[in-house]
Amino acid sequence: MQQNQNSNSPSRQPNSNQRIPGKLKIDDNVVQKITGLAAIQTDGVLSMSGGPMEGLKEALGRKSLRKGISTEVGEKQAAIDLNIIIEYDKSIPEVYRNVTNNVTTAIEKMTGLEVVELNLYVDDIDTADDSKLGDRKENKEETSTTTPRVQ
């Protein structure tokens, strides 16, 4: 009797329990995009806030999901700094808790990284509708006609 030669040779397909050598590295940009998407989906967050270069990029039509986000990503952990604009009349501490929960959950689920620090910087508040908050012309005129408080 002739035996099948393949029955004694090792399988070419890796066993699901077998570890394949290699390394997984997740780029900071990936963690920043996940952070941006999770944050913007949080109730009370109107938008991300970035520096002047981000504003220039948006004016040129290049919207960035990484706007206002900086990260440090290691092999097992990530630390995040996040700048946002919050909707007027929302509780900032509550928005912070919700952003922290949403971002942490998304990053841990998608990357397996542990979020060890998340710093949230509230740069501004605004309204969700088209009438944006800001100084009105009549308020500026009133201020300019009154006597200055300091010299």
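Two strands pair when DSSP finds at least two bridges between them. With that in hand, enjoy these close-ups of a predicted model.

**View 1. A hairpin made by S2 and S3.** Strands S2 and S3 form a hairpin, with three residues between them. The two strands run antiparallel and are joined by five bridges. To find your way along the pair, look for Ser-70, whose bridge partner in S3 is Asp-81.

**View 2. S1 alongside S3.** Strand S3 also pairs with S1: here three bridges join the strands, again in an antiparallel arrangement. A handy landmark is Ser-47, which has Ile-85 of S3 as its bridge partner.

**View 3. The β-α-β unit of S3, H3 and S4.** Together, S3, H3 and S4 make a right-handed β-α-β unit. Strands S3 and S4 run parallel, with 11 bridges joining them.

**View 4. The largest nonpolar core.** This core has 23 residues, and those touching the most other members are Ile-80, Leu-82, Ile-84, Val-99, Val-103, Ile-107 and Leu-113. At least two core residues come from each of helix H1 (28–40), strand S1 (45–48), strand S2 (69–73), strand S3 (77–87), helix H3 (92–111) and strand S4 (114–126). In soluble globular proteins, nonpolar side chains tend to be buried together.

**View 5. The surroundings of Ile-84.** Which residues is Ile-84 in contact with, leaving aside its neighbours within four places in sequence? They are Val-45, Ser-47, Met-48, Ser-49, Val-95, Leu-120, Tyr-121, Val-122, Asp-123 and Asp-124. Ile-84 is also among the core residues that touch the most other members.

Terms used: Residues are numbered from 1 along each chain as its sequence is written. This is a predicted model: local features need pLDDT of at least 70, side-chain atom pairs count only at pLDDT 80 or more; totals for chains, interfaces and linings use all residues. Side-chain values use heavy atoms; hydrogens and water are left out. A nonpolar core is a set of buried Ala, Val, Leu, Ile, Met, Phe, Trp, Tyr and Cys residues joined through side-chain atoms within 4.5 Å. Buried means under 20% relative accessible area, exposed over 50%, partly exposed in between (1.4 Å probe, protein chains only). Helices (H or I, at least four residues) and strands (E, at least two) are DSSP runs, numbered from the N terminus. Contact means heavy atoms within 4.5 Å. A crossover is right-handed if, with the strands pointing away from the viewer, the path from the first strand over the helix to the second runs clockwise.
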